[in-house]
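Hello,

Here is the structure for your files. My notes follow below it.

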Amino acid sequence: MNIDNVYTDLKKQLKAELPFVIYRKANTQEIDVFLQEDDELYEYKDNTISGFVFAPFNTLEKTVLIPMDKSICYTVTITSPTNIDKNENDVKYDSVLASSAKEEHMQLVRRGIDAIKAKCFKKVVLSRKEEVVCENNDALEIYKRLVMNYPKAFVYCWYHPKIGMWLGATPETLLHVKENHFYTMALAGTQPYLGEMNVEWGDKEIEEQKMVTDFILDELTPVSKRIESSNVYTYRAGTLLHLRTDIKVVLKTASSDIAKVIQIVHPTPAVCGLPKKDAKSFILEYEGYDRKYYTGFLGELNVNRNGKIESSLFVNLRCMEMKPDKAILYVGGGITKDSEPEKEWEETVKKTETMKKVLF
């Protein structure tokens with residue numbers, strides 16, 4: 001089967017209003033497809049079930065599963081995609097709307113900084129959504145552009161008639177479990193990529209990334225035989241740079257305990273804050289909108305890869321929710337005591353470019 005046949009299958013699935021997911025992992029030339037054969041909304045409950053999970057930020061809400069045993073699943077190999085770098089200046093902004101959104105987000109950031117100074121928590125991740133009117137809103141064409149533009153990201157298009165259509169190109173792995181080996185990363189801090197990887201990082205970004213790393217290492221220690229972590233390094237994700245630490249864990253038990261690991265790491269401090277409970281309460285009270293699946297997680301659960309059962313889950317960042325006449329973009333950033341509201345706003349604008357460059 002070639003890639004054209006894949007898109008033909010997906011168009012048929014859309015016409016029949018049946019769930020599907022198509023995705024490509026970072027640095028691969030393989031596209032995976034799940035075509036669910038009914039329109040039921042299955043919920044992830046059993047760790048032994050195989051399929052593709054799609055989880056919201058709020059852990060009190062349902063995690064959706066496209067089960068393998070209810071789907072047609074296959075993999076196709078594509079030719080190496082060509083990077084397409086559009087001029088970000090071609091993106092059109094509504095200046096009145098942008099001005100209003102800017103002030104609202106900066107007010108939210110100020111409130112977060114005040115709460116940190118009052119010792120309510122050490123860090124909080126605050127976000128916003130932005131609606132972009134789109135003509136010729138073809139999700140599959142947008143997915144193709146994401147694949148071409150972001151070879152180092154996990155790129156997906158997910159659809160369920162009872163929930164809607166989501167697309168994204170996320171740079172962040174939540175976890176990869178293979179037998180009793182578990183891999184994750186601590187990703188935080190952001191600056192634009194300007195053609196140079198050897199860049200200077202400020203104290204705010206370094207502190208933020210260290211918080212994320214320390215939390216993950218501390219929380220995973222009770223379930224681990226051994227933990228190894230890399231040195232911090234600069235990582236490029238499309239038009240942005242981040243600070244990253246790779247973490248490898250040997251679990252005490254087999255990957256059947258994946259639910260416990262997910263509970264520990266989701267939501268990560270990189271998308272929620274520290275302490276997690278207090279930061280999450282602040283987000284739900286003050287952000288003023290429902291994140292839905294933004295900063296949730298998605299990916300393969302208990303999938304047979306070359307005779308071994310693996311799970312690969314990713315944090316749902318750089319994503320958008322598609323509507324018939326518009327795209328809803330979701331972006332945010334980590335707030336610490338040293339944050340500056342103006343710079344935090346600018347960071348969210350940079351992050352929207354990941355999605356906007358494939359919309360126009």
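Predicted model: local features only at pLDDT ≥ 70, side-chain atom pairs only at ≥ 80, totals over all residues.

Is E342 buried, exposed or partly exposed? E342 counts as partly exposed, because its relative accessibility is 33%. On this scale buried means under 20% relative accessible area, exposed means over 50%, and partly exposed lies in between (1.4 Å probe, protein chains only).

Before the rest, the ground rules. Residues are numbered from 1 along each chain as its sequence is written, and side-chain values use heavy atoms, with hydrogens and water left out.

**E342 and its partners**

E342 sits in helix α7 (residues 341-356). Helices (H or I, at least four residues) and strands (E, at least two) are DSSP runs, numbered from the N terminus. Setting aside residues up to four places away in sequence, E342 touches K102 and M106. Contact here means heavy atoms within 4.5 Å. The side chains of E342 and K102 also make a polar contact, at 2.8 Å. A polar contact is a pair of N or O atoms within 3.5 Å; within protein, one must be able to donate a hydrogen and the other to accept it, and residues adjacent in sequence count only if both atoms are side-chain atoms. E103 is 239 residues from E342 in sequence, yet their C-alpha atoms are 9.4 Å apart.

**Salt bridges**

The count comes to 24 salt bridges. The rule: a side-chain nitrogen of Lys or Arg within 4 Å of a carboxyl oxygen of Asp or Glu.

One of them joins E300 and K25 (2.9 Å, N to O). E300 lies in strand β16 (residues 297-305) and K25 in the loop between β1 and β2, so this pair ties together parts 275 residues apart in sequence. E300 counts as buried, because its relative accessibility is 1%. K25, D32, E300 and R305 are linked in a network of salt bridges.

Beyond its neighbours within four places in sequence, K25 contacts E30, A153, F154, E300, R305, S312 and F314.

Two more pairs:
- E228 and R226 meet at 3.3 Å, N to O. E228 is partly exposed at 39% relative accessibility, and R226 is partly exposed at 43%.
- E340 and K343 meet at 3.7 Å, N to O. E340 is partly exposed at 42% relative accessibility.

**K276, a lysine without a salt bridge**

K276 is in helix α6 (residues 276-286). K276 is buried and has no salt bridge. The nearest side chain of opposite charge is E219, 6.3 Å away. For charge, Lys and Arg count as positive and Asp and Glu as negative; His and the chain ends are not counted. A polar atom of the K276 side chain lies 3.4 Å from the backbone oxygen of H266. Residues that K276 touches include F215, Q263, I264 and P267.

**Helices α4 and α5**

The axes of α4 (residues 203-220) and α5 (residues 258-265) come within 10 Å and cross at roughly 145 degrees. Axes are lines fitted to C-alpha atoms, for helices over the stretch in contact, and angles run from 0 to 180 degrees between N-to-C directions. F215, E219 and L220 in α4 meet V261, I264 and V265 in α5.

Best wishes
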